[in-house]
Amino acid sequence: MLESPESFVSEYAESPQFLFLSSAVKEHAEAVLSAFFDRAAERGAHSLAQVTPGIVEVVLLQDMGRLNLPLAAKQALPELLEGFFGFLKESGRFPAAGALQVCAEALAGKFRGALREDGSVKGETFRKASAEVGRNDPCFCGSGKKFKKCCGPLMGG
């Protein structure tokens, strides 16, 4: 976990900049920012100074879309990060956050484009839990019969 991001997050939640966020984002803001910092720490950013535009990109595009959030809140994640980094820059807490703010703004379209209408992430590969069983293969139940003569009719095969 990054060093004391909670204090920055709490201050941001009380700032005038926070008021400009959509209500869908405000409800989940503190948990989302905490999750962002946890993921950033997993990727090697153990302090706010170690968060780079590259880490923002990787965490936003690879991790944040998988959070269990309503679609409106998920679509506004780049807006939340942009506002938070803008707050850090403008308040003087972390002036270098301006680059992170620009990065979050630039990634917004790409992030939203990776989301499906149901909020899931596009491009995730679906894998079946078991291998295909052919009609003439031995039945997977262990009877020794062919699949077509054993469990096949029960499974519509």
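These notebook entries record what I looked up in a predicted model.

**Entry 1. Salt bridges**

I began with the charged pairs. Side chains of opposite charge can pair when their charged atoms come close. My count came to two salt bridges.

I looked up Glu11 and found that it pairs with Arg93, with the closest N and O atoms 2.4 Å apart. Glu11 belongs to helix 1 (residues 5-13) and Arg93 to the loop between helix 7 and helix 8, so this pair ties together parts that are 82 residues apart in sequence. I noted the accessibility of both partners. Glu11 is partly exposed at 27% relative accessibility, and Arg93 is partly exposed at 43%.

The other pair I recorded is Arg43 with Asp63, where the closest N and O atoms are 3.0 Å apart. Arg43 sits in the loop between helix 4 and helix 5, and Asp63 in helix 5, so the pair links parts that are 20 residues apart in sequence. For Asp63 I read 15%, which makes the residue buried.

**Entry 2. Asp63 and helix 5**

I stayed with Asp63, which is placed in helix 5 (residues 53-63). Which residues does Asp63 touch, leaving aside those up to four places away in sequence? I found Arg39, Arg43 and Val58.

I then listed the buried residues of helix 5: Ile55, Val56, Val59, Leu60 and Asp63. They lie on the same side of helix 5, because the arc they cover around the axis is only 120 degrees. I asked which helices these buried residues pack against. The answer I noted is helix 4 (29-42), helix 7 (77-90) and helix 8.

**Entry 3. Asp38**

I looked up Asp38 and located this residue in helix 4. Asp38 counts as partly exposed because its relative accessibility is 27%. I also checked its separation from Gly119, which is 81 residues away along the chain. The C-alpha atoms of Asp38 and Gly119 are separated by 21 Å.

**Entry 4. Cysteines**

I turned to the cysteines. A disulfide is a covalent bond between the sulfur atoms of two cysteines. I counted zero disulfides in the model, the cut-off being 2.5 Å between sulfur atoms.

**Entry 5. A surface patch**

Lastly I looked for nonpolar side chains on the surface. Which residues form a nonpolar patch there? I recorded Phe140, Leu154 and Met155, which together have about 390 Å² of accessible area. I placed Phe140 in the segment after helix 8 (97-113).

I close with the points I would return to in the structure. Glu11 of helix 1 is joined to Arg93 of the loop between helix 7 and helix 8. The disulfide count is zero, and Phe140 is one of the residues in the nonpolar surface patch.

Technical notes:
Residues are numbered from 1 along each chain as its sequence is written. This is a predicted model: local features need pLDDT of at least 70, side-chain atom pairs count only at pLDDT 80 or more; totals for chains, interfaces and linings use all residues. Side-chain values use heavy atoms; hydrogens and water are left out. Patches are made of residues with over 30% relative accessible area and no salt bridge: like charges are joined within 9 Å, nonpolar side chains (Val, Leu, Ile, Met, Phe, Trp, Tyr) within 5 Å. Accessible areas come from the Shrake-Rupley method with a 1.4 Å probe; for residues, only the protein chains shown count as cover. A salt bridge is a side-chain nitrogen of Lys or Arg within 4 Å of a carboxyl oxygen of Asp or Glu. Helices (H or I, at least four residues) and strands (E, at least two) are DSSP runs, numbered from the N terminus. Contact means heavy atoms within 4.5 Å. Buried means under 20% relative accessible area, exposed over 50%, partly exposed in between (1.4 Å probe, protein chains only). The arc is that of the directions from the helix axis to the C-beta atoms.
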